[in-house]
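Subject: Structure for you to look through

Hello,

Please open it first, and then compare it with my notes.

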Amino acid sequence: MPIETIFLSNIDQAVTFPVETVFFYEVPPNRPYASTADIAGNVKKAVEEVLLIPYYFMAGRLNFNDETKRLELVCNNAGALFVSAKSRFSLKDLGSLSHPNPTFHRFVHRPGLYKSLAETAVFTIQASCSHFLVNVTMFECGGFAIGFMTNHAILDGKSASEMFHNLASICRGQGLKTKHINNDRTCIKARTPPQIHFPHNEYLKLSKTTSLASSFTSQNRTSPSPLIFSDKYTHNLFTFTSQMLTLLKSKAIIKCSTFEAILAHIWRARTKANFYDYDDRESTVLFAVDVRDKMSPPLTRSFVGNAVITAFASAKARDLIEKPLSFGVEMVRKGRERVTSDYIKSVIDWLEVYKGVPKTCDGAFYVSAWWKLAFGEVDFGFGRPKHAGPIVSGNDEFVLFLSDGIDCEGKGFGGINVWMGLEKEKMERFLACVFEI
């Protein structure tokens with residue numbers, strides 16, 4: 001594996017925090033019993049002997065360069081971390097797997113909550129096998145979980161999903177699905193001199209450059225505390241069935257996507273909770289837009305760095321609450337249409353000058369559409385997962401749009417689970433209006 005230092009783009013620099021993903025699997029009744037050693041050994045061998053050849057940079061470490069004041073990825077073959085474990089519980093004991101559960105972090109290895117960057121792996125894998133006796137005299141069956149930690153600065157959601165599919169394909173004996181991986185991020189370097197042609201209020205200027213990998217507005221904290229739950233926030237899951245989503249889209253009047261409709265609705269309800277006096281303050285929602293096809297020239301399909309930037313929709317709280325849902329939908333659509341090639345280049349140049357992170361403060365929040373990623377199709381040889389999703393964090397700045405589960409045929413139910421946290425009083429106000437459709 002080559003020893004080199006990889007340039008991280010300004011988009012990479014803005015999202016330097018760990019992302020944890022867990023996959024739960026059942027072994028089908030017609031499959032032979034799979035032991036802990038079989039599953040863990042197969043995954044470990046696939047990572048060591050095949051995956052880390054094209055993805056060699058996943059065995060590196062992040063480093064903060066004091067001269068350039070930038071994070072960089074040092075490919076030093078320090079290694080990815082692999083852990084195997086056993087649990088005395090069955091998958092049934094965990095309850096509904098599609099409901100986010102903070103205790104699921106036990107299925108992901110966390111090596112670096114309080115370690116330096118040089119000591120912290122950017123890629124960890126934990127294979128946890130759950131064994132239980134169905135009938136001790138007749139047969140034995142098992143389920144297992146595979147948990148991953150990656151650093152967002154290295155891969156965005158689409159790239160991470162592709163890597164998981166590659167690993168699963170290797171484990172099935174079918175080899176790498178992706179033949180070429182483009183990890184050269186210099187194609188989205190800032191221009192010299194920078195050319196900032198738009199205001200970028202969706203980003204927060206940092207008072208000082210930091211080497212701490214954390215979430216957006218936690219850059220000034222002393223530890224990456226979003227991974228640790230706080231009593232300050234109450235968290236809830238809100239299920240929107242496919243029928244409810246169809247109704248929402250009809251209420252929007254104008255033709256719109258499911259994402260635009262649910263985002264506008266949640267933004268409106270959350271604004272009611274945050275701005276209960278319906279004043280003229282600005283309410284803002286942030287969301288990611290994939291820019292692979294929006295840049296000129298377009299990024300290659302094999303590009304694995306961060307190719308998403310923060311889009312936003314903003315409106316006066318009073319207008320958002322009192323006007324029909326179509327108003328919020330139009331604001332969201334304008335936010336997406338704002339992201340042109342010129343705008344993307346301006347963002348990159350703005351980040352070069354001011355550094356910064358997405359501005360999730362003063363009531364603004366960031367929506368992550370996890371349900372759009374193809375994690376529910378990752379097959380390690382035992383069929384699709386019972387559930388695949390993120391380990392939920394302990395703050396209020398992220399709202400997650402998740403899959404509502406997978407049926408017995410491995411297909412989604414067509415709905416969206418919305419996971420979010422708010423302070424107790426605000427959550428009570430949110431609960432009172434979130435299902436007003």
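This is a predicted model: local features need pLDDT of at least 70, side-chain atom pairs count only at pLDDT 80 or more; totals for chains, interfaces and linings use all residues.

Residues are numbered from 1 along each chain as its sequence is written, and side-chain values use heavy atoms, with hydrogens and water left out.

The protein chain has nine helices and 16 strands, where helices (H or I, at least four residues) and strands (E, at least two) are DSSP runs numbered from the N terminus. Of its 437 residues, 52% are buried, a word that stands for under 20% relative accessible area with a 1.4 Å probe and protein chains only, as against exposed at over 50% and partly exposed in between.

Strand S2 covers residues 18–26, and seven of its nine residues are buried. Glu-20 lies in this strand and counts as buried because its relative accessibility is 5%. The C-alpha atoms of Glu-20 and Val-392 are separated by 8.3 Å, although the two are 372 residues apart along the chain. S2 pairs with strand S14 (residues 387–390) in the antiparallel sense, over four bridges; to pair, two strands need at least two bridges found by DSSP. Within this pairing, Thr-21 stands opposite Pro-390 of S14.

A nonpolar core is a set of buried Ala, Val, Leu, Ile, Met, Phe, Trp, Tyr and Cys residues joined through side-chain atoms within 4.5 Å. The largest has 114 residues, and those with the most contacts inside it are Phe-57, Phe-380, Phe-401 and Phe-430; a contact is heavy atoms within 4.5 Å. Helix H5 (residues 258–274) gives the most to this core, with nine residues. A second, separate core has ten residues, including Val-22 and Ile-391.

Three cavities reach 30 Å³ or more. A cavity is a set of points on a 1 Å grid over the protein atoms alone where a 1.4 Å probe fits but cannot get out, and its lining residues have an atom within 4 Å of a point; points are joined across faces, edges and corners, and the volume is the space filled by probe spheres set on them. The second largest cavity holds about 70 Å³, and its lining includes Phe-104, Pro-390 and Val-392. S14 supplies the largest share of that lining, three residues.

Best wishes

How values were computed
On a 1 Å grid over the protein atoms alone, a cavity is a set of points where a 1.4 Å probe fits but cannot get out, and a pocket is an open set with protein on both sides within 12 Å along at least five of seven lines; lining residues have an atom within 4 Å of a point.
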